[in-house]
Amino acid sequence: MNKSFLPNIKYYEYAYHKWFSDDPVEWDSWKPASPEWDYPDQDVTRFSKIIGENVDIIKGKRVVDFACHLGYISLFCLHNQAQFVTGTNVRQNCLNIADEICFRAGYNNYSFVNSNIYDYAKTTELCNNADTAILAGIFYHLHDHYGVIESITRSTVKNIIIETTNIETDKPVVEWRVIKESDVSGFSGVSVDLHYEGKPSDKWIEDIMHFFKWNLQTKDHFIMPDNHPANSKRSVLVFSR
């Protein structure tokens, strides 16, 4: 499996070690668990669908990576010669790790911004003067998909990559659930006890994007493995205008 679109695994591994470790993890004293360890096949498949197959709208482009978590999608964009990458999240500790791995990888053409995606004026501002927006692993955690897409549409962005869970239906529906705030992954920044999040079907996404005059370029699917904590069928939809 071609992995040339992925940087050295050590940055990805370091980010997760730093995130999950109960003890302080610092670059100068940290060592990979095994020199033989490489990107798991399921991760290569996922990142291939999000990044590897979309290098044409990343290379030389200004990219916004929403809910960037530990910054590895941002790093992958930099590795594939993005002109500039802006990563956003509401968790500053995640952004600190993201900044460190991109710096350690030798890049300086990036910025990580603490921003709530539901601050629509800020979302539009972050997308202005950008070419490509990436929404990977966030769309099925949102409660206002319409507002997010509308705010991106108001900007200069010309391409959107959406990775989301796949609902087995050809109808334009959203499956809603109520979860405890402690279970939320930190995308919203909401500080209430309960939180709604909706999983839209591919058809719903296609219809709302068509409403905002976006054109579907590609759509693909892949399966997360049974042992993955977010085991599911995923969709990657790419739109342009």
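Reader: Let me begin with two helices: is the crossing of α6 and α7 left-handed or right-handed?

Author: This is a predicted model, which should be kept in mind throughout. The crossing of α6 and α7 is right-handed.

Reader: What else describes such a pair, and what are the values for α6 and α7?

Author: In general, two packed helices are described by the angle between their axes and by the distance between those axes. Here helix α6, residues 145-153, packs against helix α7, residues 202-211, at an angle of about 40 degrees, and the axes are 11 Å apart. The two helices α6 and α7 are therefore oblique to each other.

Reader: Which residues of α6 and α7 meet?

Author: From α6 come H145, Y146 and I149, and these meet W204, I208, M209 and F211 of α7. Sorted by class, this contact of α6 with α7 has six nonpolar residues, one polar residue and no charged residues.

Reader: How do α1 and α4 cross, and how would you describe their relative direction?

Author: The axes of α1 and of helix α4, residues 92-104, come within 10 Å and cross at roughly 150 degrees. Angles over 145 degrees count as roughly antiparallel, and α1 and α4 are therefore roughly antiparallel to each other. Their crossing is right-handed. On the α1 side the contact is made by Y11, Y14, A15, K18 and W19, and on the α4 side by N93, C94, I97, E100, I101 and R104. By class, the contact of α1 with α4 has seven nonpolar, one polar and three charged residues.

Reader: Let us turn to aromatic rings: how many aromatic pairs does a search of the whole structure find?

Author: A pair of aromatic rings is described by the distance of the centres and the angle of the planes. A search of the whole structure finds 20 aromatic pairs. One of them joins Y12 and Y72, whose ring centres are 5.2 Å apart and whose planes stand at 85 degrees, an edge-to-face arrangement. Because Y12 lies in helix α1 (residues 9-20) and Y72 in helix α3 (residues 72-79), the pair ties together parts that are 60 residues apart in sequence. Y12 counts as buried at 8% relative accessibility, and Y72 is buried as well, with a relative accessible area of 9%.

Reader: And what is the geometry of the rings of Y146 and F212?

Author: The ring centres of Y146 and F212 are 5.0 Å apart and the planes lie at 55 degrees, so this pair is tilted. It links distant parts of the chain, since Y146 is in helix α6 and F212 in the loop between α7 and β8 (215-223), 66 residues apart.

Reader: Which residues do ring pairs link into a cluster?

Author: Ring pairs link Y12, Y16, F20, Y39, F47, Y72 and F76 into a cluster.

Reader: How many residues of α2 are buried, and what do they pack against?

Author: Seven of the ten residues of α2 are buried, so this helix is largely enclosed by the rest of the structure. The buried residues are D43, V44, R46, F47, S48, K49 and I50. They pack against α1, α3, β4 (132-136), β5, β8 and β9 (233-240).

Reader: Is F66 buried or exposed?

Author: F66, which is found in strand β1, counts as buried at 1% relative accessibility. The C-alpha atoms of F66 and G87 are separated by 6.0 Å, although these residues are 21 residues apart along the chain. Beyond residues up to four places away in sequence, F66 touches T88, I117, T123, C127, A133, I134, L135, I138 and I152.

Reader: What does N159 touch?

Author: N159 is found in strand β5, residues 159-165, and counts as buried at 12% relative accessibility. Not counting residues up to four places away in sequence, N159 touches I57, D131, T132, A133, W214, F239 and S240.

Key. Residues are numbered from 1 along each chain as its sequence is written. This is a predicted model: local features need pLDDT of at least 70, side-chain atom pairs count only at pLDDT 80 or more; totals for chains, interfaces and linings use all residues. Side-chain values use heavy atoms; hydrogens and water are left out. Axes are lines fitted to C-alpha atoms, for helices over the stretch in contact, and angles run from 0 to 180 degrees between N-to-C directions. Helices (H or I, at least four residues) and strands (E, at least two) are DSSP runs, numbered from the N terminus. Angles under 35 degrees count as roughly parallel, over 145 as roughly antiparallel, 65 to 115 as roughly perpendicular and the rest as oblique. A crossing is left-handed if the near helix is turned anticlockwise from the far one by less than a right angle, and right-handed if clockwise. Contact means heavy atoms within 4.5 Å. Ala, Val, Leu, Ile, Met, Phe, Trp, Tyr, Cys and Pro count as nonpolar, Asp, Glu, Lys and Arg as charged, and the others, Gly among them, as polar. Rings of Phe, Tyr and Trp (its six-membered ring) pair if their centres lie within 6.5 Å; planes under 30 degrees apart count as stacked, over 60 as edge-to-face and the rest as tilted. Buried means under 20% relative accessible area, exposed over 50%, partly exposed in between (1.4 Å probe, protein chains only).
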